[in-house]
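Trainee: Could you take me through this one? I have not looked at it before.

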Amino acid sequence: TAKRRGRGMVQTFNQEIRDTLARRLKLARDLPDAITGRRIRPFYQPIMGTTDRKIQAVEALARWDHPELGPVSPEEFIAIAQESGLLSDLDTVILDTACREVGPWLKDRSITYLSVNASPMDIVGVDFAERFLASLEATGTNPEHICLEIVESAIVGNLEAAYRNLEHLSQAGVMIALDDYGTGFSNLRALLDLPLDKLKIDQSLIQSIGSNNKIADLMTSIMQLADTLQVNVVAEGIETKLQAAFVTSVGCHLMQGYLFSRPQSFDSLSKWLTANEIRAA
Ligand code: C2E
Ligand code: MG
Ligand code: MG
Ligand code: MG
C-alpha cells in the first residue's frame, strides 16, 4: 500500500542520514592524523599559456585517499576541517609539501609559479601573512614564485583584516589571484583596493561558452576590467577545444582544465613534464 511504501521511504531516508552522519564522524575523527601524517597531499593541475600552449604554472589541490573510504573530495574534507578548526593546519601542510615537491621546478624555471588556495577564514586571521611567509622561508621558497588564490567571500565582511594580510604578502612578492571570479557579487571596491595580480574566471562562466550568446560580450568586458586593474586573467575549467580557442581569442593570458590535464600526483606530473619535454628525464 501507499502507506507502507511511505514508511519504507522514511526508513531509507533515515538510513541515508545515519550513513551520512557516520561517514562525517569517521572523517572528522581521522582528519587530524591524516593532516599530521601528510596523507592529505597536494595534487597538481597545470596552468597553460593561451598563446604558447605551454605549461606556465601549477595549482596545488588537496587530495585525501582515505584507507577505507577511498578518495574523499576536497569539498567534503575542507568543510570538516573548517568545522574542526584544522583548515589552517591543512593549508600549511599542503603549502609545505607543494613547496618541497615543486621547489626544484620553480628554481630551474620549468614552471614560473606555484598556486595554492587559501581558506576564507584564514586570510582574515591576524598572523596569516607571517605564518605563510614563515612556511615559504622554511622550504627555501622565493615568495615571487608563489600565487595565493583567494575567494571573494573571504574578503567581504572583513575587508580590512584581509587587506592587511594580502598587502603584507604582496609586499613580500607573493602574487594574489581572485579565484572563482564571477560567482560572487564582484565587489568593485575590493577589486580596486586589493593588491591583485590575477583574476581566475570561474568554470561556470566558461561552461556557458557556446550556449549563451552574451558570454562573448561579458568576457570582453571582464578583459577590459582586468586591463584597468592591470591583472592577468586565468580561465578555469577548460574542457573543450572550443573553450580554449574562445578564451584565447578574447585575450585571456592563462587557462586551466581537463582538456590539458586533470590534477595529478607529483610523480605523474613529473612524467607528464618529461613526456612533454618540459624537463629532462
Ligand atoms: P578551485 O581552487 O577553484 O579549484 C578548481 C577546481 O576545479 C578543482 O576541484 C579542480 O580539480 C576542478 N577542475 C579543474 N579543471 C576542471 C575542468 O576542466 N572541469 C571541471 N569540471 N572541473 C575542473 P577540486 O580539486 O575538487 O577542488 C575544489 C575546491 O576545493 C577548490 O576550488 C578550492 O576552493 C578548494 N581546495 C582544494 N584544495 C584546497 C586546499 O589545499 N586548501 C583550501 N583552502 N582549499 C582547497
Ligand atoms: Mg583555486
Ligand atoms: Mg576556482
Ligand atoms: Mg572553486
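Mentor: We will go through the aromatic rings and then the ligand.
Mentor: This is a predicted model, where local features need pLDDT of at least 70, side-chain atom pairs count only at pLDDT 80 or more, and totals for chains, interfaces and linings use all residues. Residues are numbered from 1 along each chain as its sequence is written, chains are lettered from A and ligands numbered from 1 in the order in which they are written, and side-chain values use heavy atoms, with hydrogens and water left out.

Trainee: How many aromatic pairs are there?
Mentor: The count is four aromatic pairs. Rings of Phe, Tyr and Trp (its six-membered ring) pair if their centres lie within 6.5 Å; planes under 30 degrees apart are stacked, over 60 edge-to-face, and the rest tilted. One of the pairs is Tyr44 with Phe266, edge-to-face at 6.3 Å centre to centre and 70° between the planes.

Trainee: Which parts does that pair tie together?
Mentor: Tyr44 is in strand β1 (residues 40-49) and Phe266 is in helix α11 (residues 266-275), so the pair links parts that are 222 residues apart in sequence. Helices (H or I, at least four residues) and strands (E, at least two) are DSSP runs, numbered from the N terminus.

Trainee: Is Tyr44 buried or exposed?
Mentor: Tyr44 is buried, at a relative accessible area of 0%, while Phe266 is partly exposed at 22%. Buried means under 20% relative accessible area, exposed over 50%, and partly exposed in between (1.4 Å probe, protein chains only).

Trainee: And what about Trp105 and Phe266?
Mentor: Their ring centres are 5.0 Å apart and their planes at 20°, so that pair is stacked. Trp105 belongs to helix α3 (residues 87-107) and Phe266 to helix α11, so parts 161 residues apart in sequence are tied together. Trp105 is buried, with 3% relative accessibility. Tyr44, Trp105 and Phe266 make up one aromatic cluster.

Trainee: Switching to ligand 1, which residues come nearest?
Mentor: Arg63, Asp91, Asn117, Glu239 and Tyr258 come nearest, out of 23 residues around ligand 1. A residue is near a molecule if one of its heavy atoms lies within 4 Å of it.

Trainee: What lies 2.7 Å from an N or O atom in the side chain of Asp91?
Mentor: A nitrogen atom of ligand 1 does. For Arg63, a side-chain N or O atom is 2.9 Å from an oxygen atom of ligand 1.

Notes:
A polar contact is a pair of N or O atoms within 3.5 Å; within protein, one must be able to donate a hydrogen and the other to accept it, and residues adjacent in sequence count only if both atoms are side-chain atoms.
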